[in-house]
Amino acid sequence: MPDATFLDSTELVLNMGPQHPSTHGVLRVILKLDGEKVLGTDCVIGYLHRGVEKIAENRTYTQFNPYVDRMDYVAAISNGLGYCLAVEKLLNVEAPPRAQAVRVILTELNRIASHLIWLGTHALDIGAVTPLFYCFREREEALKIFENYCGARLTTHAFRIGGLQYETYEGFEREVKAFCKMFGPKVDEYEELLTNNRIWMGRLKGVGVLSADECKEYGVTGPMLRAAGVKWDLRKAQPYSGYEKYDFEIPTRENGDTYDRYVVRMQEMRQAARIVEQAVENIPEGPILGKVGKVIKPPVGEAYVSIEAPKGELGYYVVSDGSTQPYRVRVRPPSFVNLQALDRMVRGGLIADVVAVIGTLDIVLGEVDR
Amino acid sequence: MVKLLKKIFLWDLIAGLKVTFRNQNPKYICTEQYPAERPKVAERYRGAPRLNINPDNGETLCISCNLCALACPEDLIVVTSERNEQTKRKDLTTFTYDLSRCMFCGLCEDACPVDALELTQDFELATYTREGQIWDRQMLEEGPRPTRYKC
């Protein structure tokens, strides 16, 4: 923490947050400033701490499932997938092919919805107000599909251990196809608004640079790592839930600055729509729930499963002591790990860059604090 | 050269403005006029709970099996019953549902073997106080009466 007592006469300690709109929640950043120049930062987290990992120890495996949605609440379906895969690994069962295809569709739609929130709020932080409304308009379409499928828009509780609870509704495939068709031109629209905009480029290019080596040192994953030029995507590297069947690319850039991360995420949205299109074309017929009992009682053991969430590598480590309740659930949230790099990215920059960098980190404080 | 001209004539900003004006068309308006027009929520929407009754004789469908109370992660359902000596079955006496702690995960309705407990499409559950958030059997069977706003 920057020491407030022995400052030079020109230095200043300033609190940014926890009520600051551009910290995307309740992140508090203590900035040490020299004029507008940032000399150092210190993050204070925990304002949204609910003890989710501890709650898991007092719930059965099925009962804990809705709680994981409340960590990264803009990408709740990805969280559910990670948890379900981890428990399925413990139980040594696999979801049936139909369930896997529907899981991929919903998870990728959720990736689009999450990236749209990121784009809208990030652009709003920089000063471009218009994209926010367009992003939320398209996100609404994705959320409508979630609502029709499982009855909730945000904290969906869409997946169950061993597969799915709900069969797809009538018109699911049509709606998903319509969304994919509509979505491509909309991304072009966002790009038209932002990609070549001189203010956007001026604010983002060369800001918050994080090289590939630094990314690896900090454990930064997801679009931030790919923007630094590392071609690492868990959907390709260790495919889960049938991702090996789909043809998609991993977008990468080389500079690792905020602008590159923007480009990578835009490309990722297009790729996600591509995966959804392929998956919805042939959803296999068959059961939606694998062979799991009503009471889930995994054998003694432990399992770690990591998936590619919209924000990076999301890991679930579940330890079973043979009872109906997990002995320990540990979550490796991408936002929390990515947030470590904040100090490295903003040191030496200006205050306005802090806002841009927090935006590009794409953090969700529900996940950072858990 | 083209690049320079584009820069001088603010082409990047004009391109962005074109998008804005393209979207000005009133047919793209997607705002919901909420209190005036009630939105149609999805069929599977998980809202206010309801305890279904048999429409023919008005008796509850609940068989007091207590499975919903066991399934609930927040442990907010309390079911009590007494044994009916004539039919040798359990009769439901009270059923309380603490709506202030409910997170609408739907595990209780999944657990119900006779489709007695159901999460309905009623979504207007906001109140000014916590009073009345613990629903008893009568409230669960009748359902909430949301305020109708005049606009």
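Predicted model: local features only at pLDDT ≥ 70, side-chain atom pairs only at ≥ 80, totals over all residues.
1. Sheet in chain A. Three strands form an open sheet in the order 6-7-8, with antiparallel pairing. Strand 6 (301-309) and strand 8 (326-332) of chain A are the edges; each has a single partner strand, so one side of each lacks a neighbour in the sheet. From one strand to the next, the twist averages 15°.

2. Strands 6 and 7 of chain A. This antiparallel pair is joined by nine bridges, with strand 7 spanning residues 312-320. Within the pairing, A:G315 of strand 7 stands opposite A:S306.

3. Helix 3 of chain A. Residues 76-91 make up this helix, which lies across strand 6 and strand 7 of chain A. Its direction is at about 150° to strand 6 of chain A. The helix has 16 residues and reaches 23 Å from first C-alpha to last, close to the 22 Å expected. A:N92 follows the helix and has a positive phi, near 65°.

4. Hairpin in chain B. Strand 2 (residues 77-84) and strand 3 (residues 89-98) of chain B run antiparallel and share eight bridges. B:E82 has B:D91 of strand 3 as its bridge partner. Four residues lie between the strands, and B:K88 takes a positive phi near 60° in this hairpin.

5. Strands 3 and 5 of chain B. Strand 3 of chain B also pairs antiparallel with strand 5 (residues 134-135) of chain B, through two bridges. Here B:W135 of strand 5 stands opposite B:Y97.

Terms used. Residues numbered from 1 in each chain as written. Chains lettered and ligands numbered in written order. Pairing = 2+ DSSP bridges. Axes fitted to C-alpha atoms, helices over the stretch in contact; angles between N-to-C directions. Contact = placed C-beta atoms within 7 Å. Expected span 1.5 Å × (residues − 1).
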